[in-house]
Amino acid sequence: MSRRVTGPEIERLVQLLARLPGLGPRSARRAALQLVKRKDQLLVPLAEALGRVGESVRVCSTCGNIDTSDPCAVCTDPRRDASTIVVVEDVSDLWALERSGAVDARYHVLGGVLSPLNGVGPDDLDIAGLVERAHDPAVREVILAVNATVDGQTTAHYVTDRLQGLDVTVSRLAHGVPVGGELDYLDEGTLAAAIRARTPF
Ligand code: ZN
């Protein structure tokens with residue numbers, strides 16, 4: 001039986017940190033040690049930032065982005081092109097596209113992809129919300145920026161069917177996005193090129 005080095009409070013901090021992506025138990029322990037060593041510079045400001053975000057974080061009821069206001073900063077930005085909606089699987093894809101600076105449009109986060117094998121059907125995704133937004137006459141184009149996986153492409157076909165009959169152009173990212181590649185892992189230049197060279201679906 002190993003003896004305890006720290007009390008339950010620091011142990012809990014380590015356990016929570018270990019749940020973060022990219023952090024295993026060992027790096028979580030190192031991170032926790034840095035935090036407690038640098039209490040004033042790191043631990044206290046981090047705790048305050050976490051508390052503030054924890055109180056104010058919400059999901060945008062329009063596009064599904066995560067922000068501290070609803071509607072989110074993207075939806076309320078008047079300088080954005082309201083005629084284009086970029087459809088993504090996850091908030092991480094939205095943030096990746098924003099980093100690339102490729103689009104100046106609005107977004108719609110589906111919240112995943114259709115996956116019959118995993119029991120994910122149309123009602124599990126925010127497809128109805130997208131169709132509703134696409135009815136707005138101001139919307140002229142829907143860009144499907146879903147991943148090039150089988151499920152991603154199934155989802156793209158399904159969404160295209162649901163948008164049929166509306167006065168919108170449906171396009172998708174140009175090839176060059178690696179098969180099975182997740183948008184979040186692409187470099188900004190590749191993403192920007194894929195958006196610019198998009199093709200009609
Ligand atoms: Zn939004």
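Glu 141 is buried in this predicted model, at 15% relative accessibility, where buried stands for under 20% relative accessible area, exposed for over 50% and partly exposed for what lies in between, with a 1.4 Å probe and protein chains only. Its side chain meets that of Arg 198 in a salt bridge, with 2.7 Å from N to O, and by salt bridge I mean a side-chain nitrogen of Lys or Arg within 4 Å of a carboxyl oxygen of Asp or Glu. This pair links distant parts of the chain, since Glu 141 sits in strand E5 and Arg 198 in the loop between H7 and strand E7 (199–200), 57 residues apart; helices (H or I, at least four residues) and strands (E, at least two) are DSSP runs numbered from the N terminus. Arg 198, for its part, is partly exposed at 31%.

A word on the model before I go on. It is predicted, so local features need pLDDT of at least 70 and side-chain atom pairs count only at pLDDT 80 or more, while totals for chains, interfaces and linings use all residues. Residues are numbered from 1 along each chain as its sequence is written, and side-chain values use heavy atoms, with hydrogens and water left out.

The count of salt bridges comes to seven. Another one joins Arg 140 to Asp 167, with the closest N and O atoms 3.5 Å apart, and here too distant parts of the chain are linked, 27 residues apart, from the loop between helix H5 (127–134) and strand E5 (141–144) to the loop between helix H6 (150–163) and strand E6 (169–172). Arg 140 is partly exposed at 43%, whereas Asp 167 is exposed at 58%. Then there is a network of salt bridges that links Asp 77, Arg 79, Arg 80 and Glu 98; within it, Asp 77 and Arg 79 meet at 3.2 Å, N to O, with Asp 77 buried at 15% and Arg 79 exposed at 69%.
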